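Biologist: I am new to this structure. Please take me through its features one at a time, with the general idea before each case.

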Amino acid sequence: RGGGIYIFASSVILSNCIFRNNNAKVYGGGGYAIASSIMLTSSDFIINNSTWGGAFCFVYSNANLTNCSVLNNYAKIGGGLLVLNSNDFSLNNCTVHQNIGQSFPALLASKTNQVYIQDTTVSNHEASQFGSACSIEYCTLSISSSRFWNNNAST
C-alpha cells in the first residue's frame, strides 16, 4: 500500500511534491491514505502503478487536491484517483489526464459523502471494461467550471 507515501490516521499537508514512477501491489501507486485528512497542493502524480488507485487511493479520509496534476497513471480500477468510504473529496483547478484503467481510468469515488470538482480538466481517458472519465457511486456530487473531453468507454 502506498508506493510513494503511506498515511494512516494523520493530518497531512503536501505541497510542491512530485510522485513519479511509484508502484504498489494493491492500493495507491503514488500514495495511500486511510483514516486521514490530506491537503495536496501544487503536486504532480505521474506514471504511478497499482491494482487499485494508480496515482492515489483515499479510504475513510478527507482529501483536498488543489493545483495538482494526475497524469499517465495506471491501475486496473481507478487508474488516476480512487476514493472509498470517505467524507469529503475535492479537486480544485487540477488536471487529470491520460490515466489508464481497465475500469474507471480517471476517478472512482464510492460511498463518499461529498465530491467536489471545480475548475478541473479531465481528459483523454479510455476504459477497456467499465466507465470512462469519472464514476461516482453513492455520493453527493458538485461539479462547476470544469471540462471533460476526449474520454471513451468501451462498454
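Modeller: Start with a pair of strands: β4 (residues 31-34) and β8 run parallel and are joined by 4 bridges. Strands here are DSSP runs (E, at least two residues), as helices are (H or I, at least four residues), and both are numbered from the N terminus. Two strands pair if DSSP finds at least two bridges between them. Within this pair, Ala 33 has Phe 58 of β8 as its bridge partner.
This is a predicted model, in which local features need pLDDT of at least 70 and side-chain atom pairs count only at pLDDT 80 or more, while totals for chains, interfaces and linings use all residues. Residues are numbered from 1 along each chain as its sequence is written, and side-chain values use heavy atoms, with hydrogens and water left out.

Biologist: Which strands form the open sheet of 6 strands, and in what order?

Modeller: Strands of a sheet pair through backbone hydrogen bonds, either parallel or antiparallel. In this sheet the order is β1-β4-β8-β12-β16-β20, and the pairing is parallel. Its edge strands, β1 (5-8) and β20 (134-137), each pair on one side only. On average, neighbouring strands of this sheet are turned by 5° against each other, direction ignored; the axes are lines fitted to C-alpha atoms, and angles run from 0 to 180 degrees between N-to-C directions.

Biologist: What is the order of the open sheet of 5 strands?

Modeller: That sheet runs β7-β11-β15-β19-β23, with parallel pairing. At its edges, β7 (49-52) and β23 (152-153) each pair on one side only. Inside it, β15 (residues 100-103) pairs with β19 (residues 126-130) over 3 bridges, and Gly 101 has Ala 127 as its bridge partner in β19. For the protein chain, the count is 23 strands and 0 helices.

Biologist: Which residues touch the most other members of the largest nonpolar core?

Modeller: A nonpolar core is a set of buried Ala, Val, Leu, Ile, Met, Phe, Trp, Tyr and Cys residues joined through side-chain atoms within 4.5 Å. Buried means under 20% relative accessible area, exposed over 50%, and partly exposed in between (1.4 Å probe, protein chains only). The largest core has 28 residues, and those touching the most other members are Leu 40, Phe 56, Phe 58, Leu 65, Leu 81, Phe 89 and Leu 91. Elements giving two or more residues to this core include β5 (37-41), β9 (62-66) and β13 (88-92). A second, separate core has 8 residues, among them Ile 34, Cys 57, Leu 84 and Phe 104.

Biologist: What does Leu 65 touch?

Modeller: Contact means heavy atoms within 4.5 Å. Leaving out residues up to four places away in sequence, Leu 65 touches Leu 40, Phe 58, Leu 81, Phe 89, Ser 90, Leu 91, Asn 92 and Cys 94.

Biologist: Is Ser 110 buried or exposed?

Modeller: Ser 110 is buried, at a relative accessible area of 10%, and lies in strand β16.

Biologist: How many disulfides are there?

Modeller: A disulfide is a covalent bond between the sulfur atoms of two cysteines. The rule used is a pair of cysteine sulfur atoms within 2.5 Å, and the count is 0 disulfides. Cys 57 is buried at 0% relative accessible area, whereas Cys 17 is partly exposed at 22%.
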